[in-house]
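Here is a brief report on one protein chain. It moves from the whole fold to a single residue.

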Amino acid sequence: MSLHVLSHPLGAHVLTHLRDKTTKPALFRTLSYQISLLLALEATRDLATVDKAIDTPMEPTTGHVLGKPLVVVPILRAGLGMLQPFHDTFPDVSVGYVGLERDHATAVARSYYCKLPPLAGTRVIVVDPMLATGGSAVQAINVVKASGGKEIVFVCIVSSPEGVAVLQAAHPEVPIHTGALDRELNGRKYILPGLGDFGDRLYGT
Ligand code: PRP
Ligand code: URA
């Protein structure tokens, strides 16, 4: 059961501009890319490597290359805002999709799409910018496990104490990487201080 809160001056800077309600969608998307890249590096810090013999222009040597296939699973729709840095940084990453949408009245997530690649033997990184009640993250990880995922990490940009507790209770072995752990949920199950509705701000809806 581990919770990792990002600690990097650039992370704090980016998050502040993401939270600012005057930030428009184009900049919001760039900032999402930047903080997701920092989180991607943190969430893969412990990835296994294997030795690889190579020749430099000077002499033979042994290097190290990534030893386990990586699968990234964005939770639609807002999770798409975190996908590109994984694509750009990890050469052979596969992508799976889980579509979930919270009901506006109940805040309970409804599943509307799922397409996952083979997961056996992989590191699966489930990404969703907001961990609020934890319902979406728990559902997505249930699906990943049912499809054969075993080594799973969850990455989000902002989390609430309530969401972290729910996710840790349901999936205690799944490490959580978050850009920030905020104060609480409001009555409508939005995170405070938070940044509002991530999907709406990402896509200008
Ligand atoms: C948001 C967010 C998470 C979910 C978090 O998605 O991206 O998926 O809410 O809330 P929870 O922890 O209480 O489940 P939303 O349902 O608004 O859909 P969207 O990504 O299509 O905007
Ligand atoms: N989903 C969001 O986009 N923001 C919140 O604060 C909670 C759920």
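The report below covers basis, fold, surface and one residue.

## Basis

This is a predicted model: local features need pLDDT of at least 70, side-chain atom pairs count only at pLDDT 80 or more, and totals for chains, interfaces and linings use all residues. Residues are numbered from 1 along each chain as its sequence is written, chains are lettered from A and ligands numbered from 1 in the order written, and side-chain values use heavy atoms, without hydrogens or water.

## Fold

The protein chain holds six helices and 13 strands (DSSP runs: H or I of at least four residues, E of at least two, numbered from the N terminus). Its radius of gyration is 17 Å, close to the 17 Å of the globule rule for 205 residues, so the chain is as compact as a globular protein of that length. That radius is taken over C-alpha atoms; the rule is 2.2 Å times the number of residues to the power 0.38. The C-alpha trace spans about 65 × 35 × 30 Å along its principal axes.

Take contacts (heavy atoms within 4.5 Å) between residues at least 6 apart in sequence: 62% join residues at least 24 apart.

## Surface

Of the 205 residues, 44% count as buried (under 20% relative accessible area, 1.4 Å probe, protein chains only). The chain exposes about 10,300 Å², with 57% from carbon and sulfur atoms (Shrake-Rupley method, 1.4 Å probe).

## Leu15

Leu15 sits in helix α1, residues 9-19. Its relative accessibility is 6%, so Leu15 counts as buried. Beyond residues up to four places away in sequence, Leu15 touches Ile35, Ile157, Val158, Gly179 and Ala180. Pro117 lies 102 residues from Leu15 in sequence and 31 Å away in space, C-alpha to C-alpha.

Technical notes:
Buried < 20%, exposed > 50% of the residue type's maximum accessible area, 1.4 Å probe, protein only.
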